[in-house]
Every structure is written in C-alpha cells, then in structure tokens.
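Here are my notes on the model you sent over. Have the structure open while you read, and go through the points in order.

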Amino acid sequence: MKAVLFRAHGGPEVLEYTDFPTPEPKPGEALIRLHAAALNRMDVLVRNGWPGLKLELPHINGADGAGEIVAIDSPLPEGEGLGVRVGDRVVINANLGCGSCEFCLEGKDNLCANWHLLGETVRGTYAEYVAVPIKQLYKLPKDFDYHSAAAAALVYQTAWHSLVRRGNLQRDETVLIVGAGGGVNTASVQIAKYIGAQVIVVGSEAKKLQMAKSIGADILIDRSKEADWSKSVFLATNKRGVDVVVDNVGATFMQSLRTLRKGGRLLTVGNSAGPKFEIDNRYIFAKHLSILGSTMSTLGEFKEVMDLVINGKLQPTMDKTYPLQDAASAQERLWKHENFGKITLDIL
Ligand SMILES: [Zn+2]
C-alpha cells in the first residue's frame, strides 16, 4: 500500500510518501480501505517525538480515518459487534481500550489500564489501509462524506466527554472557550450550543472569531486587543464569572481561573502552548474551583456523539483537504494554527 511514514523523529521533512506492507487483520479486527484521514496536533507531537516515547519505526501518523471494510478476521459473535460486514462504510474510533481490564469492563475504556491511541503508539491512518478492532468502528450511512466523518471522530468524542461527562455542562450555564480555531475548540462551541449554554470565545484573530460566531459563539473577545482578557470575560458576565472554562492552551490557565465564578469548573484535554506553566493555588481553594482533565471518550459516548453528527445536529467544521502525499504541508498548516476546524487528507 501507499503510506506516509517516518523512519526517525524530526520536522515535516521526515515524512515520506512510499510503499509499505498492507496490514493483515488479526482475530476480531477489520481491514479498512481508507478514503479520508483527519489531522490532529498529536500527529505532529508524535512525529517530533518526546523522551520516553517508544515506537516501532517506521511509524505511520493518524488517529482519524474513514473508509470501507475490505476484510474481516473472525467477526465478533452476534450481539457483540456492531453488525458490520465487508463493504460497509465506517469511521474509526482511535481510543483503543483493551476490552478486558477493570475499566474497560465498566465501559470506561478511555481509562483503560493498557490504553493505546491509534496513530500514537500503533500505526495510524495516513495510509491506504489500516487494521483495527471491529469494536472501534461506527457504521456510516451510504451518503455520508468520509472526510466529515474522519474530521468528526476524535474531536467530537473528546469535547463531548469533557463538556458533557466531566464538566456536566447545563443549558442555563455560560462556558468560556479559550482559542477560536482548533478542532476540539470548534467542536466544543457546537456541543455547548447544542446543550443550550451561552458561549464566550477568546481568540487572537478577527477572522477566526467571526468563524466561531458563524458556528454559534455568542460573545467574542479579541485577546490581541486586550492583554487581560479575563477582565473582559468577567464584565461580559455582569461580574458574575463563567460556570465552565474550556482551556486546552495551558499557559492561559491563570486567566481562565480568574474568569470562573466560585465553584466553577476548568476543563482541559490538552496544552497547545506546552505542558508546563505556573498557577496560583489560592484561586483553586478560595474559589472552590475544579480542574477536570480527560482525554478521548468511551465507546458508548463515541456512538452517542457520532449519532448526532450523522443526524446533522453537530456539523464538523472543515478547513482544508490535502492529497495524502502532501501530509507534511498539511501538518505545517495545523502546527502554525493557520486552520479553522479540521484538516483532512484525501486517500485515493
Ligand atoms: Zn482496558
């Protein structure tokens, strides 16, 4: 098969469009002929590498993908699988729970003791084919676009688990989303509006803020014009403070904590500005704040949120599509925050 792989960690130049053996499905797995893959910032982090990351090289990036089942090895017994068969159109859930540890057995497979993420520790979707366990598949209707499906999978389940399960966001609440352009943040705006909450978005570019408005944001704050945007958020809530903050930047935590009302919740699923920063603990205890971290979602939540996508209740925000062989340019666009919404790869 054709794939984009890397043989050593490094910049975009290490990505190589080349031939690689087509994977063979193991028992309980399906072989998918991919038509679309979607990018996530994690792809670039994996490509760059970090201390302690052990990969079997060459590695193939990519957590998100959608395509057609071309082979199945020993399907799951009736009732356990999703009833998928060869020829079905599917989208992949990249959250790989082992299915047998105490957490997976409780249906909390993103807490899996033997957890893996497709494209991170196992080879991913920047390829013509990928083999994944059948339980990771969600069947698509025949007219649903592969690119939209691939774009939806990781970000919607991540935002859904964080806002709905961890954050318990309610319809009469106000949520602040820090950052206007990224995939999880655009998904968060839409999910918060779907729940009925009021949404404030802080961003640094007028164009991206207007795009956030077009997908439902109620109040926009341009941080390029206001260094201390926490004050603007506070004033926008009539000095009450917001109920929930979605902060996947990290370096902005102190400002985010300032915007919260007493008893508010800060939700985080990442740190786009780097993993280490300082916070003042007095804000946490004196304001009764909760900091709630999470990553990905459960199999049940994945189905729940993909049903909303398929029914048009949530519409993935699409940025730009590149041919598979131009994955390096696609990653550059993502890494430089030039995108609004999801970047996908077209796999012919
Ligand atoms: Zn497990």
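A word on naming before the points: helices (H or I, at least four residues) and strands (E, at least two) are DSSP runs, numbered from the N terminus. Keep in mind too that this is a predicted model.

1. Start with Ala-113, which sits in the loop between α2 (102–105) and β7 (116–117). Is Ala-113 buried or exposed? Its relative accessible area is 57%, and the cut-off for exposed is over 50%, so Ala-113 counts as exposed. Leaving aside residues up to four places away in sequence, Ala-113 touches Cys-101 and Phe-103. If you want a sense of scale, go from Ala-113 to Gln-315: they are 202 residues apart in sequence and 33 Å apart in space, C-alpha to C-alpha.

2. Now the metal. Which residues hold the zinc ion? The protein donors are the SG atoms of Cys-98, Cys-101, Cys-104 and Cys-112, at 2.3 to 2.4 Å from the zinc ion. Along the chain, these donors follow the pattern C-x2-C-x2-C-x7-C. Cys-101, one of the donors, is also one of the residues that Ala-113 touches.

3. What about the geometry at the zinc ion? The 4 donor atoms subtend angles of 102 to 118 degrees, so the arrangement is tetrahedral. For reference, the ideal angle for four tetrahedral donors is 109.5 degrees.

4. On to helix packing, with α1 (residues 41–48) and α10 (residues 327–335) to begin. Their axes come within 9 Å and cross at roughly 110 degrees, so α1 and α10 are roughly perpendicular to each other. The crossing in which α1 passes α10 is left-handed. On the α1 side, the residues in contact are Arg-41, Asp-43, Val-44, Leu-45 and Arg-47, and they meet Gln-331, Leu-334 and Trp-335 of α10.

5. The other pair is α3 (residues 146–166) with α4 (residues 183–195). Here the axes come within 8 Å and cross at roughly 50 degrees, so the two helices are oblique to each other. This crossing of α3 and α4 is right-handed. The α3 residues that meet α4 include Tyr-156, Trp-160 and Leu-163, and among their α4 counterparts are Ala-187, Ile-191 and Tyr-194.

6. Next, some backbone details. Most residues other than glycine have a negative phi, and most peptide bonds are trans. Against that background, look at the peptide bond from Leu-57 to Pro-58: it is cis, with omega near -5 degrees. Pro-58 lies in the loop between α1 and β4 (64–72).

7. Where is Met-296? You will find Met-296 in the loop between β15 (290–293) and α9 (299–310). Phi of Met-296 is positive, near 55 degrees, and this residue is not a glycine. With a relative accessible area of 2%, Met-296 is buried.

8. His-337 also has a positive phi, near 60 degrees, again in a residue other than glycine. The loop between α10 and β17 (342–346) is where His-337 sits. At 40% relative accessible area, His-337 is partly exposed.

Terms used:
Residues are numbered from 1 along each chain as its sequence is written. This is a predicted model: local features need pLDDT of at least 70, side-chain atom pairs count only at pLDDT 80 or more; totals for chains, interfaces and linings use all residues. Side-chain values use heavy atoms; hydrogens and water are left out. Donors are N, O and S atoms within 2.8 Å of the metal (3.2 Å for Na, K and Ca); water is not among the atoms, so sites may look incomplete. Four donors count as tetrahedral if all angles lie between 85 and 135 degrees; four count as square planar and six as octahedral if opposite donors are over 155 degrees apart and all others between 65 and 115; anything else is irregular. Axes are lines fitted to C-alpha atoms, for helices over the stretch in contact, and angles run from 0 to 180 degrees between N-to-C directions. Angles under 35 degrees count as roughly parallel, over 145 as roughly antiparallel, 65 to 115 as roughly perpendicular and the rest as oblique. A crossing is left-handed if the near helix is turned anticlockwise from the far one by less than a right angle, and right-handed if clockwise. Contact means heavy atoms within 4.5 Å. Buried means under 20% relative accessible area, exposed over 50%, partly exposed in between (1.4 Å probe, protein chains only).
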